[in-house]
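Work through the following exercises with the structure in view. Each task is followed by a solution in steps.

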Amino acid sequence: MASSARPPVAAGGGPDGGTFADRSLSQGLSVLVGLGLCVTMLGLGCAVELSQLGQQLRRPVGLLLALLGQFVAMPLLAFLLALIFALDEVAAVAVLLCGCCPGGNLSNLMSVLVDGDMNLSIIMTASSTLLALFLMPLCLWIYSRHWINTAVVQLLPLGAVSLTLGSTLLPIGLGVLIRYRHPRAADIMVKVSLWSLLVTLVVLFILTGTMLGPDLLAQIPASVYAIAVLMPLAGYALGYGLATVFKMPPHCRRTVSLETGCQNVQLCTAILKLTFSPELIGSMYMFPLLYALFQSAEAGLFVLAYKMYGRDSYKQDTLGEEEDTDISYKKLKEEEVADTSYGTVTTEEHNSIQMEPTQTAL
């Protein structure tokens, strides 16, 4: 009976032999999470140009879309999914935390692949990250009230969440400064941050799966896997619908769709790892990594479908615009030619005079 009173994380072995009870591995994972988050936020800052920020402040469509998508639609979606699938308090907190996170850098890469509006994508990601400093704790507090009588919600470290969010401002600000002073170095840093995002997620997935072991991984309910599949998919659909309501052009709709569904899973992982005790969060530490896996796969399918079926219409639209421009230009040239045509005087027999029109080269 004594063994049943041990923390769930020790199920793989004694208190010192549990997966997360190994402090050296846990601390190493914390360092990896922290470094990965810093590099990602630095890359985000390097992608932001001050001129773009000025334009968005004058016409803050991107800011408004980031607010509605990341802190209205996605938290509500996470809350409803947690209720529909009747999650326990630990799983619900992990899902809510992921749903309340700002947009991630993955959306910037995917927006390029679907011929989206890159400036809009960057502004939405940066805006949602800054807004998260205040709105993410607020959303967590609001939507966790349903589980208020549980220990995990009563111990929800909103102050630590705010502190973790605040720590991301320094690398973002440094990235903006690098963009302003050294644009070429900023371009390189953006590429490095995207690759570090992919590498860090893969390493985290492997290390966490290894450290948790098959026993704890098997304890993750099927409903959690279902939410990890449905939540990004529904986020993409909500983002596209939101952009349609704002009557945005197709390439902007694709951008907003990806921005809404792609969450900053590195930030979610860092908050779970750095603010919750392993005994409290258990195997639900895997949820943001599962979300990252399925959001990447579904975004990849989105890109593939666009490359196969949507790109031709995009090219035709672009070509049509160019043809319209060419026609207008030709008409303008013809009018100019007509206005600037002169005649030369030639004499023929019978003393007749005839005007022969000639055109001067423009």
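**Exercise 1: Annotated spans**

Task: Determine how much of residues 122-143 is helix and how far apart the end C-alpha atoms are.

Solution. Step 1: Residues 122-143 are 100% helix and 0% strand, where helices are DSSP runs (H or I) of at least four residues and strands are runs (E) of at least two, numbered from the N terminus. Step 2: The end C-alpha atoms of this span are 28 Å apart. Step 3: For residues 224-246, the span is 96% helix and 0% strand, with end C-alpha atoms 33 Å apart. Step 4: The unreviewed UniProt entry annotates both spans as "transmembrane region", along with others including 29-50 and 62-85; UniProt positions are given in the numbering used here, and such annotations may be inferred rather than shown by experiment.

The model is predicted, so local features need pLDDT of at least 70 and side-chain atom pairs count only at pLDDT 80 or more, while totals for chains, interfaces and linings use all residues. Residues are numbered from 1 along each chain as its sequence is written, and side-chain values use heavy atoms, leaving out hydrogens and water.

**Exercise 2: Helices α4 and α11**

Task: Describe how α4 and α11 are placed relative to each other.

Solution. Step 1: The axes of α4 (residues 89-99) and α11 (residues 222-245) come within 11 Å and cross at roughly 15°; axes are lines fitted to C-alpha atoms, for helices over the stretch in contact, and angles run from 0 to 180 degrees between N-to-C directions. Step 2: The two helices are therefore roughly parallel (under 35 degrees; over 145 is roughly antiparallel, 65 to 115 roughly perpendicular, and the rest oblique). Step 3: A91, V95, C98 and G99 of α4 make the contact (heavy atoms within 4.5 Å) with V224, I227 and M231 of α11. Step 4: These residues comprise six nonpolar, one polar and no charged; Ala, Val, Leu, Ile, Met, Phe, Trp, Tyr, Cys and Pro count as nonpolar, Asp, Glu, Lys and Arg as charged, and the others, Gly among them, as polar.

**Exercise 3: Helices α11 and α12**

Task: Classify the angle between α11 and α12, and state which kinds of residue form the contact.

Solution. Step 1: The axes of α11 and α12 (residues 250-261) come within 7 Å, crossing at roughly 140°. Step 2: This angle makes α11 oblique to α12. Step 3: Among the residues that meet are P232, Y236 and Y240 in α11, and R253, R254 and L258 in α12. Step 4: The contact divides into seven nonpolar, six polar and two charged residues.

**Exercise 4: An aromatic pair**

Task: Characterise the pair formed by F79 and Y143.

Solution. Step 1: The whole structure contains three aromatic pairs (rings of Phe, Tyr and Trp, its six-membered ring, with centres within 6.5 Å). Step 2: In the pair of F79 and Y143, the centres are 5.3 Å apart and the planes stand at 45°. Step 3: The pair is tilted; planes under 30 degrees apart count as stacked, over 60 as edge-to-face and the rest as tilted. Step 4: F79 belongs to α3 (residues 61-84) and Y143 to α6 (residues 118-143), and the two are 64 residues apart.
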